[in-house]
Amino acid sequence: MAYSGKVIDHYENPRNVGSLNKESLNVGTGLVGAPACGDVMKLQIQVSETGVIEDAKFKTFGCGSAIASSSLATEWIKGMTLEQAMSVRNTQIVQELNLPPVKIHCSVLAEDAIKSAIADYRRKQRGAQVQSSLGGS
Amino acid sequence: MAPKLPIYMDNHATTRVDPRVLEAMLPYFGEEFGNAASRSHVFGWNAERAVEQAREQVAAAIGASGREIVWTSGATESDNLAIKGAAEFYRDRGNHIITAVTEHKAVLDTCKRLEKSGFEVTYLPVERDGRVNPQAVADALTDRTIVVSIMLANNEVGTINPVAEIGQAVKARGAVFHVDAVQGVGKIPFDVASAHADLVSLSAHKMYGPKGVGALYVRRKPRVRITPIIDGGGHERGMRSGTLNVPGIVGFGKAAEISAAEMAEESKRLLALRERLRLGIEARVTDTVLNGSLEYRLPGSLNMSFAYVEGEALMMALKDVAVSSGSACTSASLEPSYVLRAMGVPVEMAHTSIRFGLGRFNTEEEVDYVIDLVAQKVKKLREMSPLWEMAQSGVDIKSIQWAGQR
């Protein structure tokens with residue numbers, strides 16, 4: 001498989017590899033894909049009080065395109081609001097990394113990972129609100 | 001000392017032409033350009049003489065006679081000619097064919113094609129070590145079985161089938177026994193008599209000969225018949241028409257001669273290199289699994305899974321080392337290796353497999369370089385693998401309900 005220079009760059013120098021504390025209330029974690037499919041992405045976001053993604057980390061089991069897609073996704077969403085991050089589309093990743101047709105699913109997975117991390121963050125926030133409203137009554 | 005890069009360790013895919021082979025071929029691209037079928041002049045006679053010498057050389061490598069060798073364009077054609085040719089010729093005796101799920105696509109797709117024209121095919125499973133059980137063949141044989149096709153050694157994992165026992169079972173029931181011997185001949189002892197083989201596919205470029213030339217052994221005593229699949233001038237005693245690739249055939253002959261002469265020594269050297277590679281990796285990398293039998297394996301073959309690291313990503317990291325992977329990501333199908341799956345390798349482990357194929361021109365320095373590189377890169381990729389992180393923190397990955405699980 002001949003990859004674009006951008007895929008190779010992200011693969012060789014992945015941005016934002018690592019983990020955030022998944023127990024933390026202001027961290028959302030997305031885990032998408034499956035080992036049996038050959039791709040698993042974990043993408044985490046740390047969100048500020050004003051709703052801005054102030055940090056993002058990823059770990060990926062998958063091919064070069066999957067690693068590059070998740071690396072790019074974390075790079076992009078840092079500094080975005082949750083709404084902005086929700087609007088990141090896999091087609092933008094395909095375009096930026098010049099992914100061949102057989103690798104489009106890698107970009108889909110990265111989009112899913114962002115959405116899943118945001119959903120997890122929102123779920124936690126709602127839970128916390130319920131908790132605090134219950135505590136206040 | 002660092003070895004010269006890139007390093008070639010994909011000798012199951014193809015091998016480099018041995019310089020001695022190239023030297024033997026060169027005159028046939030130049031002054032000796034004749035058509036071996038030209039009977040009326042010295043150009044043709046010289047080409048024919050060279051082709052007949054090569055026929056003897058290739059035959060000798062498998063214990064056959066030159067008159068039993070039919071030249072083809074390569075192993076895919078040999079497999080097609082053997083199976084389609086015998087199935088067609090013996091059709092009045094039955095319509096049942098037996099093969100195994102781990103065969104090369106040239107065999108499997110040929111069988112699938114025959115199924116469309118009324119043949120019934122049994123695809124035998126293999127044992128966990130990748131080998132076909134002779135008893136399974138014996139049990140599958142019926143009075144309607146006309147062809148059995150089982151490979152000598154597997155191209156993905158390098159495991160060696162017990163072809164002698166299988167051949168015995170096949171001949172006891174009178175079916176034709178075809179052996180795709182492409183990966184084994186020249187590397188391990190093989191002869192048509194002890195394998196009870198009727199048809200044997202061979203390829204030059206897997207034994208340091210040129211691409212684009214192969215052969216099919218067709219037994220004469222007792223005579224085995226095949227219907228040709230290419231019609232034309234009646235070359236190769238009518239079994240395969242088409243002007244012969246004289247330089248390629250000369251190269252094939254030389255390659256077969258060298259492989260037969262040097263096999264004992266070379267296989268010892270390759271086995272030592274393979275074990276150095278295997279043990280070297282195992283000493284430095286945890287959570288690896290050897291795929292396929294260790295005992296019944298081609299000397300230069302190593303197929304290993306590296307848990308929690310996807311195969312294509314690892315191949316990309318092993319830049320300057322040519323290997324291959326059973327990962328889905330190396331193919332357009334998105335399904336991992338059907339050979340590993342047939343052996344019962346879990347699908348997530350099949351995604352992490354790497355095939356190393358050592359050959360005549362590999363050195364100890366190269367092996368040591370590759371061990372070091374594999375250890376470094378697996379470590380790096382595991383550090384960025386969520387599965388490795390989970391495994392290290394005691395999460396049972398199998399207990400997770402994965403989305404999109406097939």
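Reader: Which residues does Pro14(A) touch, not counting those up to four places away in sequence?
Author: In this predicted model, Pro14(A) touches Phe58(A), Ser71(A) and Met384(B), with residues up to four places away in sequence left out.

Reader: Where is Pro14(A) found in chain A?
Author: Pro14(A) sits in the loop between helix 1 and strand 1 of chain A. Its C-alpha atom is separated by 8.3 Å from that of Leu72(A), although the two residues are 58 residues apart along the chain.

Reader: Met384(B) was in that list of contacts. Which cavity does Met384(B) line?
Author: Met384(B) belongs to the lining of the second largest cavity. Chain A supplies Thr60(A), Phe61(A), Gly62(A) and Ile67(A) to that lining, and chain B supplies Tyr308(B), Val309(B), Glu310(B), Ala313(B), Leu381(B), Met384(B) and Ser385(B).

Reader: How much space lies in the second largest cavity, and how do its lining residues divide?
Author: The space is about 40 Å³. The lining has seven nonpolar residues, three polar and one charged.

Reader: Turning to the interface, how many residues of chain A and chain B are in contact?
Author: On the chain A side there are 29 residues, in contact with 31 residues of chain B. The two chains bury about 2,400 Å² between them, and 66% of that area is on carbon and sulfur atoms.

Reader: Why is an area given for an interface?
Author: The accessible area lost when the parts come together is often used to give the size of an interface.

Reader: How many salt bridges does the rule find across the interface of chain A and chain B?
Author: The rule finds four salt bridges there. One pair is Lys42(A) with Glu389(B), whose closest N and O atoms are 2.6 Å apart.

Reader: Which elements of chain A supply at least two residues of the side that touches chain B?
Author: Those elements are helix 1 (5-12), strand 1 (27-34), strand 2 (39-47), strand 3 (53-61) and helix 2 (64-77). By class, this side of chain A comprises 18 nonpolar, seven polar and four charged residues.

Reader: How many salt bridges does the structure hold over all chains?
Author: The total over all chains is 34. Among them, Lys6(A) and Glu96(A) meet through their side chains at 3.5 Å, N to O. That pair links distant parts of the chain, with Lys6(A) in helix 1 and Glu96(A) in helix 4 (residues 90-97) of chain A, 90 residues apart.

Reader: Now for pockets. How much space lies in the largest pocket, and which residues lie nearest its centre?
Author: About 540 Å³ of space lies in the largest pocket. Its lining numbers 32 residues, and those nearest the centre are His104(B), Asn155(B), Glu156(B), Tyr338(B) and Arg355(B).

Reader: On the backbone, what kind of peptide bond joins Leu5(B) and Pro6(B)?
Author: That bond is cis, with omega about -5°. Pro6(B) is placed in the segment before strand 1 (7-8) of chain B. The bond from Lys221(B) to Pro222(B) is cis as well, with omega near -10°. Pro222(B) lies in the loop between strand 8 (214-218) and helix 7 (246-284) of chain B.

Reader: What is phi of His196(B), and where does His196(B) lie?
Author: Phi of His196(B) is near 55°, which is a positive value in a residue other than glycine. His196(B) is in the loop between strand 6 (176-180) and strand 7 (199-203) of chain B.

Technical notes: Residues numbered from 1 in each chain as written. Chains lettered and ligands numbered in written order. Predicted model: local features only at pLDDT ≥ 70, side-chain atom pairs only at ≥ 80, totals over all residues. Heavy atoms only, no water. Contact = heavy atoms within 4.5 Å. Buried area = accessible area lost by both parts, 1.4 Å probe. Helix = DSSP H or I, 4+ residues; strand = E, 2+ residues; numbered from the N terminus. Nonpolar A, V, L, I, M, F, W, Y, C, P; charged D, E, K, R; others polar. 1 Å grid on protein atoms, 1.4 Å probe; cavity = no way out; pocket = protein on both sides within 12 Å on 5 of 7 lines; lining within 4 Å. Points joined across faces, edges and corners; volume = space filled by probe spheres on them.
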